[in-house]
Amino acid sequence: MSWKDINTHNRILRDAEAGQYGVIAAIAYNVEQIFGLVKAAKNVRSPLIIQFFPWAIEVYDGLLVRTAADAAKTAGVPISIHLDHAQSEDIIKRAAELPFDSIMVDMSHYDKEINLKKTAELVEYCNQRHKATEAEPGRIEGGEDGVMDTAGLEACMTTPEEIEEFVATGVDSLAPAFGNVHGEYGPSGPRLDFGRFSQIRILADNRVRLVLHGTNGFAPDLMKRCVAAGVTKINVNRLVLDDYYEHLNANVGKMGHTQLIEEGIEKVTQLTMKWMEICGSSGKA
Ligand SMILES: [Zn+2]
């Protein structure tokens, strides 16, 4: 058996594909959020992916990542640690020394030829250190708090030929661009091209897992439609953190710090449990 078969991240997503459910991959910015996410996974017996932007490494060095890895190890449900949108060789090499199970090698800010070349090289670098990898064929528009904004660059929908090219780089997961957007959607809301997505899924032919980026403001029905279409890793940011921020806004300075923290953790837990239920991963761990 190869390391790829026992890698926690790969195992979580393979099980999700076989069981036709989606796994929440939540961005965490602090320990309260990590703790709240893990509690949700334990409460509803769900697999979970905790992910970080490179920002977390730049600010906390390895502290936040090691904390999440420690929480994952002792959770009693499958939890993997992933680095989202690693956009430089430098940050990928730093991350490869940290307890990540998976790293997104995101070279989508380069033109396609350079993107493919760099992706293949860095996937090999990560694989040598037993890290699973994810890449972004095409380019998903926009930015989120903690990751480089590519809004100045033109968004490109993923094309069928790119699937073959990116599978050839050796990545384990692909995050296609099919109308999804990082950050906030405009007033008309998300308009996803499911026809394109199903074509991508057929071409991927189970050789890679498919990842959904850009879910801020998604309604439960749209999320369920994405899971039914074959998405297994569901990147979420504000979808599970909104109640936490609302709680902070309402209560900073009005309650003791310990109470603020404890209730904040609970906000993350409750909202995450709701989305685990919607994505069908509850009870699957
Ligand atoms: Zn993304």
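His 85 sits in strand β3 of this predicted model. With 30 C-beta neighbours inside 10 Å, His 85 counts as buried, because 20 or more are enough for that label. Apart from residues up to four places away in sequence, His 85 touches Phe 53, Pro 54, Met 104, Asp 106 and Val 147.

Strand β3, which covers residues 79-86, also holds Asp 84. An unreviewed UniProt entry annotates Asp 84 as "active site". Asp 84 has 26 C-beta neighbours inside 10 Å and therefore counts as buried. Its contacts, leaving aside neighbours within four places in sequence, are Ile 27, Gln 51, Phe 52, Phe 53, Met 104 and Asn 235.

The unreviewed UniProt entry gives the feature "binding site" for His 85, His 182 and His 213. These positions are spread over 129 residues of sequence but cluster in space, with a largest C-alpha distance of 11.4 Å. His 213 is in the loop between β7 (209-212) and α10 (220-229). His 213 is buried, since 26 other C-beta atoms lie within 10 Å. Beyond four places in sequence, His 213 is in contact with Ile 140, Ala 175, Asn 180, His 182 and Asn 235.

Another part of the model is a pair of helices. The axes of α3 (residues 31-44) and α5 (residues 63-73) come within 10 Å and cross at roughly 20°. The angle is under 35 degrees, so the two helices are roughly parallel to each other. The crossing of α3 past α5 is right-handed. On α3 the contact is made by Val 31, Ile 34, Phe 35 and Val 38, and on α5 by Thr 67, Ala 68 and Ala 71. Of these contact residues, 6 are nonpolar, 1 is polar and none is charged.

Definitions and conventions. Residues numbered from 1 in each chain as written. Predicted model: local features only at pLDDT ≥ 70, side-chain atom pairs only at ≥ 80, totals over all residues. UniProt positions renumbered as here; feature names shortened; annotations may be inferred. Helix = DSSP H or I, 4+ residues; strand = E, 2+ residues; numbered from the N terminus. Buried ≥ 20, exposed ≤ 12 C-beta atoms within 10 Å, placed from the backbone. Contact = placed C-beta atoms within 7 Å. Axes fitted to C-alpha atoms, helices over the stretch in contact; angles between N-to-C directions. Parallel < 35°, antiparallel > 145°, perpendicular 65-115°, else oblique. Left-handed = near helix turned anticlockwise from the far one by under 90°. Nonpolar A, V, L, I, M, F, W, Y, C, P; charged D, E, K, R; others polar.
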